[in-house]
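These are my notebook entries on the structure below.

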Amino acid sequence: QVQVLESGGGLVQAGGSLRLSCAASGRSGTVDMGWFRLAPGKEREFVAAINFAGAAIYADSVKGRFAISRVNGQNVVDLQMNSLKPEETAIYYCAALKVGRRKDDYSYWGRGTQVTVSS
């Protein structure tokens with residue numbers, strides 16, 4: 001069983017930065033991992049993902065401001081978020097082990113970490 005644990009959420013002013021971290025444990029080998037967010041009244045939204053080889057993709061809305069990276073080739077990924085906007089207030093979820101073509105086709109999900117961006 002893979003466990004996914006996020007950390008690093010918090011309160012930040014608009015224009016500020018936060019760094020989220022996610023660790024997936026319980027599986028050998030490097031797995032695809034991704035970040036999603038769920039804002040009040042909205043559907044879950046893809047943010048960024050990184051595959052086992054280190055290739056990253058981003059939602060258009062965060063390109064140029066967010067960066068996903070894998071730590072030392074492990075199943076630990078960071079999401080550096082810069083120039084945050086109030087509308088990006090959401091619970092940010094990490095997912096691990098992609099199993100399908102859809103962006104959210106992951107087997108394991110964390111419980112989420114709250115990011116609040118004040119205006």
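I took buried to mean under 20% relative accessible area, exposed over 50%, and partly exposed in between (1.4 Å probe, protein chains only). On that basis, buried residues make up 40% of the 119 residues in the protein.

I noted that this is a predicted model, in which local features need pLDDT of at least 70 and side-chain atom pairs count only at pLDDT 80 or more, while totals for chains, interfaces and linings use all residues. Residues are numbered from 1 along each chain as its sequence is written, and side-chain values use heavy atoms, without hydrogens and water.

I next looked up the secondary structure, with helices (H or I, at least four residues) and strands (E, at least two) taken as DSSP runs numbered from the N terminus. I found 0 helices and 11 strands.

I then turned to the nonpolar core, a set of buried Ala, Val, Leu, Ile, Met, Phe, Trp, Tyr and Cys residues joined through side-chain atoms within 4.5 Å. The largest one has 34 residues, and among those with the most contacts inside it are Trp 35, Phe 66 and Tyr 92. Strand β9 gives the most to this core, with 6 residues.

Last, I searched for disulfides (pairs of cysteine sulfur atoms within 2.5 Å). The one disulfide in the structure joins Cys 22 to Cys 94, with an S to S distance of 2.0 Å. Cys 22 lies in β3 (residues 18-25) and Cys 94 in β9 (residues 90-98), so the pair ties together parts 72 residues apart in sequence. I recorded both Cys 22 and Cys 94 as buried. The torsion about their S-S bond is about -85°, so the disulfide is left-handed.
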